Amino acid sequence: MPDSPERYVARVVDVPEEGIRLAPAPGTAPPQEPTEVNLLGMAVALALGTADYEHHPEPRNPELQTVDALLAGDAVMPWRATREVAGTDPYVVCERSASGHYHCRVQHRPEDDPA
């Protein structure tokens, strides 16, 4: 699993009327191997669900809105936050365990904290 990052961090950007887009933090890159992409994508989806994100009424375009494109920040996905934390930006923060699984959570960081 040499191409699998140990950490993935991305700001969750609201795209009005469409959903959200992930903006990977500087130095963050998603894995390239398809199985690793899917593992990370599922962990991100679970973290978003746990943080009360829900499916946006806009249908997903499966040709453009792929897991690869989501993790790279190239696609808007039809999810939306059901609550916001004033003065913060939400980030998806994922750590890769020694067994190769990703554990992700949504963190709310001060708006002026780009890290």
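Residues are numbered from 1 along each chain as its sequence is written, and side-chain values rest on heavy atoms, with hydrogens and water left out. The pLDDT is the predictor's confidence in each residue, on a scale from 0 to 100. For this chain the average pLDDT is 88, and 93% of the residues score at least 70. Confidence is highest in strand β1 (residues 7-15), with a mean of 95, and lowest in strand β4 (residues 79-81), with a mean of 87. Where pLDDT is low, the predicted coordinates should not be read in detail. Helices (H or I, at least four residues) and strands (E, at least two) are taken from DSSP runs and numbered from the N terminus.

An open sheet is formed by four strands in the order β2-β1-β5-β6, with antiparallel pairing; two strands are said to pair if DSSP finds at least two bridges between them. From one strand to the next, the twist averages 30°, where axes are lines fitted to C-alpha atoms, for helices over the stretch in contact, and angles run from 0 to 180 degrees between N-to-C directions. In a regular strand the side chains alternate between the two faces of the sheet.

Strands β1 and β2 are paired in the antiparallel sense over six bridges. Within this pairing, V15 stands opposite G19 in β2, while the bridge partner of D14 in β2 is I20. The two strands form a hairpin with three residues between them, and E17 in the turn has a positive phi of about 70°. This positive value occurs in a residue other than glycine. E17, which lies in the loop between β1 and β2, has a relative accessible area of 66% and is therefore classed as exposed; here buried means under 20% relative accessible area, exposed means over 50%, and partly exposed lies in between (1.4 Å probe, protein chains only).

Strands β5 and β6 run antiparallel and are joined by nine bridges, with V93 standing opposite R105 in β6. A hairpin is formed by β5 and β6, with five residues between them, and G100 in the turn has a positive phi of about 100°.

The count of disulfides, each defined as a pair of cysteine sulfur atoms within 2.5 Å, comes to one. The disulfide joins C94 to C104, with a distance of 2.1 Å from S to S. The pair links distant parts of the chain, C94 being in strand β5 (residues 88-96) and C104 in strand β6 (residues 102-110), 10 residues apart. The torsion about the S-S bond of C94 and C104 is about 115°, so the disulfide is right-handed. C94 is buried, with a relative accessible area of 0%, and C104, at 18% relative accessibility, also counts as buried.

R109 lies over the face of Y91, at 4.7 Å from the ring centre. A charge is taken to sit over a ring if NZ of Lys or CZ of Arg is within 6 Å of the ring centre and within 35 degrees of the ring normal.

T50, found in helix α1 (residues 34-50), is exposed, with a relative accessible area of 67%. Although T50 and V106 are 56 residues apart in sequence, their C-alpha atoms are 8.3 Å apart in space. P59 is found in the loop between β3 (53-55) and α2 (67-72) and counts as exposed at 59% relative accessibility. From C-alpha to C-alpha, P59 and M77 are 9.0 Å apart in space, with a separation of 18 residues in sequence.

Methods:
This is a predicted model: local features need pLDDT of at least 70, side-chain atom pairs count only at pLDDT 80 or more; totals for chains, interfaces and linings use all residues.
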